[in-house]
Amino acid sequence: MIAAVAQVQPGQPLQLPHVDWVTIGPAGIFFVGGLAMLLAGVFLRRRVPRGLWSGTTVVIAVLALWPAFHLWHQIASGGARTAIADAVVVDGFSIFIDVVIISAVVMAALLTDGYLRRENLEGTEFYVLMLFSASGGMLMASANDLIVVFLGLEILSIALYTLAGFQQRREGSQEAAIKYFVLGAFSSAFFLYGIALVYGSTGSTNLGVIADFLRTNSLTNGLLLGGFALLIVGLGFKVAAVPFHMWTPDVYQGSPTPATAFMAAVAKAAGFAALLRLFVSTFNTYRLDWQPIVWALAVLSLLVGSVLAVVQTDVKRMLAYSSIAHAGYVLVGFQTASNRGVAGALFYLFAYAFMIVGSFAVVTLVSGRGDTDASLDAFRGLSSRRPALAFVFTIFLLAQTGVPLTSGFLAKFYVISAAVEAHSYALAIIAMIAAVIAAFFYLRLIVVMYMAAPAAEGEEAAPTARIPIAVGAGMSLTIAVGFTLVVGFLPASVFDFARHATLLKL
Amino acid sequence: MSEFLRQYLTVAIFGGAAILMVALMLGVGRLVRPTRPQGQKYLNYECGVDPVGSGWSQSHVRYYIFALLFVMFDVEAVFIFPWAVRLDAMAVFGLVEMTIFIVVLALGLLYAWRKGVLRWI
């Protein structure tokens, strides 16, 4: 399109692209829905029925499934394609990520309702920010141009910075927002520099044109490799891969817990979507150059995430380090650069979204008013105070460990089997070792919940206050645990979905 | 040195001259002037009379809100200028596109208005 503008004389009409709105339907519905909610919230300030905003967000999210469904059928019959002047791609991969993000939004919105009421933060802003952030994530997943990836990344990130600092009274929240903002701004700058270097070496920002160029030319200078490195830095920050993970524990711990649940699922899904599309699809011809980097990132994330989580005493920080380890597993699937690897990574992201939102939902309920206490002691004896909550949390923790009959086991299995099939035996072994190390802190938390030792001399007794469980949080937990168990027993349909969610052949 | 880099020689000389000029002006002043420090020379200036109260004052938060809104709408204007230059080539498509952009920002302004942020008091 830029070439078209350069050649046109003043006064002559431009060759304008045909805008197929359905192709950006899910992101568009989220965006328009967010705007509508923003205005509704500010014009309906008198008593609104309980759960109205939460319900509206869920309705908007489910509504976005309709264009996603329609596009899936279009792809099944007509094949994947690009749209809107080749800026946006319509393939199974982007629909899959849209579904992951929609699920995470539904669960997070249900969870947020009781939380906002408890913390006196009522209003639509939290939901609106979640919707805008999710729409950016979906745009990132369906981007066919580096600039559109950047656009999606910024929309996703900026709304998340605000969400992280939403609970202004608590200092931890302000700290989380500042850290996330500063580090996120830097990583976006790295990403942009990466785009510039890739553009400089290939002559275009369109992924299709880049892939064509790389197939037909062989590059001798290191400009493209520099671009790879910087793109990995920028997106690695977003998915909390190891050397770029420093922000994760502080931001996850400080943010309001429903915001943590949302960002843990959605930012990771969107970040990995961009990584997978850029490297496995566009830069496939240079995979021998980027695979070792991703191998190193995967090993570091797995080991550092698992080992550092062992020494945490705050459950939110522990879950933050464990999600760094989960990013490591997805990186294992990414490293293989095969269709099995991508399908495994997608399945892992889907299963992980439910597990992590469920886990943080439990933490939201247990941490009490003020969202301050999420230490291991707060969970002591949870089985006697709220047996259902303890049971549900046990399922999530076992799923994250990778115990069979949960979706977590199958997620790890698919990812590691893809690695074995691609002959990355060392990576598979390290992934399994990390799973064993991680089992320690997941099982420790289960033990703390079920077998609280009587308080020793001078120690505080286990908390006994009744934990109120809001209706929305209950629904969110039910959805999460239901998915985790059902997919643990019957994974075939979801894995078929992941296998058919292929990237567009560029 | 290649022709490409030679063009930047002017920039380098210009930058160097600027730094040199500032260094000279400040440096020569420092060398030539007498130094006789006296406590009263370091008081805050308040029109020649003795200063009353502390040197720091607090600004009202309303100034921050207005500055923030100004920056947002200024950036919006920056996007509108190039669009306006090429509007004839983009016809109705361009008009609708920019209208959507302005409407979204106007909705943000409406939100700010209803939140009471535009009150001057």
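Trainee: What share of the 121 residues in chain B is buried?

Mentor: Buried means under 20% relative accessible area, exposed over 50%, and partly exposed in between (1.4 Å probe, protein chains only). In chain B, 9% of the 121 residues are buried. This is a predicted model, in which local features need pLDDT of at least 70, side-chain atom pairs count only at pLDDT 80 or more, and totals for chains, interfaces and linings use all residues. Residues are numbered from 1 along each chain as its sequence is written, chains are lettered from A and ligands numbered from 1 in the order in which they are written, and side-chain values use heavy atoms, leaving out hydrogens and water.

Trainee: How many helices and strands does chain B have?

Mentor: Helices (H or I, at least four residues) and strands (E, at least two) are DSSP runs, numbered from the N terminus. Chain B has 3 helices and 0 strands. Its radius of gyration, taken over C-alpha atoms, is 26 Å, well over the 14 Å that the globule rule gives for 121 residues, so chain B is more spread out than a compact globule. That rule is 2.2 Å times the number of residues to the power 0.38. The C-alpha trace spans about 70 × 60 × 20 Å along its principal axes.

Trainee: Which residue of chain A forms a salt bridge with K115(B)?

Mentor: We look for a side-chain nitrogen of Lys or Arg within 4 Å of a carboxyl oxygen of Asp or Glu. K115(B) pairs with E125(A), their closest N and O atoms being 2.9 Å apart. K115(B) sits in the segment after helix 3 (87-114) of chain B and E125(A) in helix 6 (residues 125-141) of chain A, so the pair joins two chains. E125(A) is buried at 18% relative accessibility, while K115(B) is partly exposed at 38%.

Trainee: Where do D20(A) and R81(A) lie?

Mentor: Their side chains form a salt bridge, N to O 3.6 Å. D20(A) is in the loop between helix 1 (2-7) and helix 2 (25-43) of chain A and R81(A) is in strand 1 (residues 81-83), so the pair ties together parts 61 residues apart in sequence.

Trainee: What is the nearest side chain of opposite charge to K268(A)?

Mentor: Lys and Arg count as positive, Asp and Glu as negative; His and the chain ends are not counted. For K268(A), which is buried and has no salt bridge, that side chain is D250(A), 15 Å away. A polar atom of the K268(A) side chain does lie 3.1 Å from the backbone oxygen of V239(A).

Methods:
Polar contact = N/O pair within 3.5 Å; in protein donor to acceptor, adjacent residues only side chain to side chain.
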